[in-house]
Amino acid sequence: DDIACVRLWEIRLPSPVAAIFATVGTLAVVLEERIAVYSVSPDFSSVHLERSVETFPNPDGVCAISRIPSSAVMAFLGPRE
């Protein structure tokens with residue numbers, strides 16, 4: 001909370017963050033070889049990992065998320081095989 005200078009929550013990740021994308025209720029964190037998708041409560045009091053996907057190396061954080069609330073579409077580099 002910027003006004004109260006209080007940390008609401010902290011997410012520990014195994015590697016540096018390449019990019020962060022947010023929509024209402026969702027936070028996507030792009031790491032070099034993984035994307036982690038979190039659900040965020042409406043009052044920001046909690047955050048939960050929904051899914052984590054391994055990807056090809058992505059140091060530039062290439063990712064896109066649909067901004068339409070009724071559509072849950074995310075585009076990113078394919079899974080590592």
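Me: What is the bridge partner of V40 in β4?

Reply: In this predicted model, V40 is bridged to V47 of β4.

Me: What makes β3 and β4 a pair of strands?

Reply: Two strands pair if there are at least two bridges between them. Strand β3 and strand β4 (residues 47-54) have seven bridges, in the antiparallel sense, so they pair by that rule.

Me: Which residue in the hairpin of β3 and β4 takes a positive phi?

Reply: F44, with a phi near 65°. Six residues lie between the strands of this hairpin.

Me: How do you know that β2 and β3 pair?

Reply: The cut-off is at least two bridges, and strand β2 (residues 26-31) makes six with β3, again antiparallel; therefore the two count as paired. Within β3, A36 is the residue that V29 stands opposite. The hairpin from β2 to β3 runs through two residues.

Me: Why is β3 called mostly covered?

Reply: A residue is buried when its relative accessible area is under 20%. Five of the seven residues in β3 (residues 34-40) are buried.

Me: Why is V62 called partly exposed, rather than buried or exposed?

Reply: Buried means under 20% and exposed means over 50%. V62 has 46% relative accessibility, so it falls in between and counts as partly exposed. V62 sits in the loop between β4 and β5 (63-65).

Me: What makes up the nonpolar surface patch that includes V62?

Reply: F56, V62 and L77 make the patch, which covers about 240 Å². Patch residues need over 30% relative accessible area, and V62, at 46%, is above that cut-off.

How values were computed
Residues numbered from 1 in each chain as written. Predicted model: local features only at pLDDT ≥ 70, side-chain atom pairs only at ≥ 80, totals over all residues. Heavy atoms only, no water. Buried < 20%, exposed > 50% of the residue type's maximum accessible area, 1.4 Å probe, protein only. Helix = DSSP H or I, 4+ residues; strand = E, 2+ residues; numbered from the N terminus. Patch = residues over 30% accessible without salt bridge, like charges linked within 9 Å, V, L, I, M, F, W, Y side chains within 5 Å. Areas by Shrake-Rupley, 256 points an atom, 1.4 Å probe, with all protein chains shown as cover. Salt bridge = Lys/Arg side-chain N within 4 Å of Asp/Glu carboxyl O.
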